[in-house]
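Please look over the sequence and the structure shown here before reading on. The report that follows is meant for someone meeting this structure for the first time.

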Number of protein chains: 2
Amino acid sequence: MREVAVLGIGQTPIEEHWEKSLRVLAGEAALAALQDAGISRVDGVFVGNMMAGSANHQQQLGAYIADWAGLRYANALHVETACSSGSAAFRAGVMAVASGVLDVVLVVGVEKMSDSPGDEITAELATAADADWESAYGVSFVALNALIMRRYMHEYGWQHEHFALFSINSHQNALHNPYARFHSPLSLQEYLKAPMVTPPINLMDASPMGDGAAAAVLVPVEHLHRFPPKPKVRVVASTAATDTIAVASRRDPLWLSAAERSARQAYAQAGVGPNDIDVFELHDAFTIMSALSLEACGFAERGQGPRLALEGEIQIGGRIPICTRGGLKARGHPVGATGMYQIVEVVQQLRGEAGETQVEGAKIGMTQNIGGSGSNIITHIFRVD
Amino acid sequence: MREVAVLGIGQTPIEEHWEKSLRVLAGEAALAALQDAGISRVDGVFVGNMMAGSANHQQQLGAYIADWAGLRYANALHVETACSSGSAAFRAGVMAVASGVLDVVLVVGVEKMSDSPGDEITAELATAADADWESAYGVSFVALNALIMRRYMHEYGWQHEHFALFSINSHQNALHNPYARFHSPLSLQEYLKAPMVTPPINLMDASPMGDGAAAAVLVPVEHLHRFPPKPKVRVVASTAATDTIAVASRRDPLWLSAAERSARQAYAQAGVGPNDIDVFELHDAFTIMSALSLEACGFAERGQGPRLALEGEIQIGGRIPICTRGGLKARGHPVGATGMYQIVEVVQQLRGEAGETQVEGAKIGMTQNIGGSGSNIITHIFRVD
């Protein structure tokens, strides 16, 4: 198996891009990544997206984006695993390069949610849950997370205010990320008095929708000498695991089994442990998911995720800095693009390009992207020499 | 790169399965393939599907089907390339096994179209075309193919009746396939007087929709000794290529560039040429596509595809038997499942399990699956020892 490196990265700002279509957004991120890599041709275009078929009336995103980006004739496909579609496409790209089937692969994560009216997008997001056993009963995606958070608070004795620092940290870091959706600090007071969405999740526990695209170029490490010199960011682990799609079918709905499995396998592949991770871009779609992801990946004891935030360990300079570019909460969560934003951001950190939110001396970074309510979880570890 | 073999196959009949949900259909094909392979565990579940997000209100088909089929925790993802989604998922599975990332991969192609009302499914099928430059102007997917067929007839001097034998051959072969949607022979008279859909495409030029699922189990050839003995069907070529998504952007709309590219690469990978192919499952979504696919793959001169049919060369016993189990026209075309049906059928031929439509002594078989109006084309070649 060939070792794989990230040669280039690109992204668009996340906002309501009323003036740009899905293909324009994807094309901008793709061309930025190609330019960063210093190349103009690729063998494959792998696209992560969740909802374009319904929200944008467009499927076939592989050929669609390859064509638009001037990469006609390339191998191209579209990968979907709900909210983890971005890193699922990345992982498929890693396998294509590792196998030797393709040499240069462009991975693009893209989602354009603004085109879909509010009630429709809620129904479209609910297709990440079980259509027969969850969505059919009217439970939305937020409601599923609210049920998990309520039970977690009851079981481990946390109050709503104890989750505040997850969102405050994300907003603080996004101040310095020009691609982030929000550039406003969040105070505890604002967090506490935010409008309720589905108790106990209020507006400041939930990540915002948005339109955006992020991209990366993958090549075999053994070919790096053929390309313009760049910091050598290697993909040292790529893992995925699933759990039941319906939350109610799980033995313990407060434990992300798939996150634990994919993280354990990732640590084994990379030959590292949680203590070796310098920066961790986790999936803070809701504050409860930050806590559960930290626990499942071995950074906190079961039920103790919020403690890490309360002790200041998730900030830049803390034991395990998370959401260093704003996370889903403040950078924004264009669903199928999110995994690629996480990867782009970790590469920025490992290259020392993260500006005011640079984690000093970061050498090993991890991303974890959660599809559904923990049903398809994908973990990557990157290392710079 | 590890060589990959097909260890097991499974399929459901294609019909309007009102009493079975998407997951039940996929599960039946998956379990049939596992049983045929003689195994009960896999490392990965790769799902090909085009329209479940809109037609069945369900995304996340990887985790969804893994969970239902008793394969919880497996790596799982959903691949989409419109009508070639099935073989795109298969190709992703081949890369996963070839790379050494996964050892045993189940690939399932599934589509359940009956749940979507007629007008909606037409719009959903049109998401395979260009939303901005084709569908937005009201051109349906059939209409795009009709434009191509009309021009082809004008350019090369063919009449509508010259395409009849493609459909007649498919219906004849489907008589002996218990999984096919239709079991009725088609006469030239019936073909000629069939109701018009979009001139010059009539109902007997077009493949029918349907619900169905087909599946295969992939393992590395070097592990075959660990499993119950089976005819050794190796994947000797797996290639893909794209073209512009909008037909009007092509230099020559009557030439499937992506089919030519992927076929050429496939011949090179397998070390064979068109004359070595014993059986060819091509993508007869419309009769015109049969002609174009035969030409692009080197079985006929440019503009001469219909001649092969008129000379009887596409039948069992002819020079290049196609659609030997009924093809899209008579076996049925559950869009995202079709590529996997083609693969399952070629494996049946190479194992000598094709009953009354067995191609005697078939050793090398090819499948070609077309996504969109020729915009994403995937070719596989299989060989039995």
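The sections below describe how the chain is divided and how its parts meet.

## Two domains in one chain

This is a predicted model, and in it chain A is divided into domain 1, made of residues 4-118 + 209-233, and domain 2, made of residues 123-207 + 235-384. Taken over C-alpha atoms, the centres of domain 1 of chain A and domain 2 of chain A are separated by 22 Å. To the contact, domain 1 of chain A gives 50 residues, while domain 2 of chain A gives 42 residues.

## The buried area

Between domain 1 of chain A and domain 2 of chain A, an area of about 3,600 Å² is buried, and carbon and sulfur atoms give 64% of that area. Of the area that domain 1 of chain A buries against domain 2 of chain A, 21% is supplied by A:Q11, A:I14 and A:C83, which is more than any other three residues supply.

## Polar links and the domain 1 side

Two salt bridges are counted between domain 1 of chain A and domain 2 of chain A. A:R181 forms a salt bridge with A:E16, with 3.3 Å between the closest N and O atoms. The count of residue pairs in polar contact between domain 1 of chain A and domain 2 of chain A, with both residues at pLDDT 80 or more, is 17.

On the side of domain 1 of chain A that touches domain 2 of chain A, the elements giving two or more residues are β1 (4-11), α2 (52-55), α4 (85-99), β4 (105-112) and β7 (211-220) of chain A. Sorted by class, that side of domain 1 of chain A has 26 nonpolar, 16 polar and eight charged residues.

Methods
Residues are numbered from 1 along each chain as its sequence is written. Chains are lettered from A and ligands numbered from 1 in the order in which they are written. This is a predicted model: local features need pLDDT of at least 70, side-chain atom pairs count only at pLDDT 80 or more; totals for chains, interfaces and linings use all residues. Side-chain values use heavy atoms; hydrogens and water are left out. Domain bounds come from an automatic or database domain assignment. Contact means heavy atoms within 4.5 Å. Buried area is the accessible area (1.4 Å probe) that two parts lose on being put together, summed over both. A salt bridge is a side-chain nitrogen of Lys or Arg within 4 Å of a carboxyl oxygen of Asp or Glu. A polar contact is a pair of N or O atoms within 3.5 Å; within protein, one must be able to donate a hydrogen and the other to accept it, and residues adjacent in sequence count only if both atoms are side-chain atoms. Helices (H or I, at least four residues) and strands (E, at least two) are DSSP runs, numbered from the N terminus. Ala, Val, Leu, Ile, Met, Phe, Trp, Tyr, Cys and Pro count as nonpolar, Asp, Glu, Lys and Arg as charged, and the others, Gly among them, as polar.
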